[in-house]
Amino acid sequence: MASFIGGIVTISIGAIMLANVFISTVKDTNTTGWTASETALWGVLTLAGIVGLVVGTLQLFGIM
C-alpha cells in the first residue's frame, strides 16, 4: 500500500514539475535572454519530472 501511495505522490510531483517547465513553452517565452543557470534549471526540472513520472508509474504497478 505504501508503494501505491508513493507512486501517486511521485506522479503528482512529476506532473507539477513538468507543468512548471512547459508553462514557459506554452506562453511562448523567449529564452534567449535567460542566463546559463536558468537554462540549466529548466533542463534539470524537465529530467526530474520525467524520472518522477517513470518511477511513480513503476511504483504504482508494484514493479519497483
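Of the contacts in the protein chain with a separation of 6 or more, what percentage is accounted for by residues 24 or more positions apart? In this predicted model, the figure is 82%.

Let's start with the overall build. The protein chain has 2 helices and 0 strands. Its radius of gyration is 14 Å, well over the 11 Å that the globule rule gives for 64 residues, so the chain is more spread out than a compact globule. Along the principal axes, the C-alpha atoms fill a box of roughly 45 × 20 × 10 Å. Buried residues make up 14% of the 64 residues. The accessible surface comes to about 4,500 Å², and carbon and sulfur atoms hold 76% of that.

Now turn to helix α1, which covers residues 2-26. As a general point, an α-helix has 3.6 residues a turn, so residues three or four places apart point the same way. For a sense of distance, Ile5 and Ile16 are 11 residues apart in sequence and 17 Å apart in space, C-alpha to C-alpha.

Helix α2 takes in residues 36-60, 25 residues in total. From its first C-alpha to its last it reaches 36 Å, close to the 36 Å expected at 1.5 Å a residue. Within α2, Thr46, Gly49, Gly52 and Gly56 are buried. After this helix comes Gly62, whose phi is positive, near 75 degrees.

Methods: Residues numbered from 1 in each chain as written. Predicted model: local features only at pLDDT ≥ 70, side-chain atom pairs only at ≥ 80, totals over all residues. Heavy atoms only, no water. Helix = DSSP H or I, 4+ residues; strand = E, 2+ residues; numbered from the N terminus. Expected span 1.5 Å × (residues − 1). Buried < 20%, exposed > 50% of the residue type's maximum accessible area, 1.4 Å probe, protein only. Rg over C-alpha atoms; globule rule 2.2 N^0.38 Å. Contact = heavy atoms within 4.5 Å. Areas by Shrake-Rupley, 256 points an atom, 1.4 Å probe, with all protein chains shown as cover.
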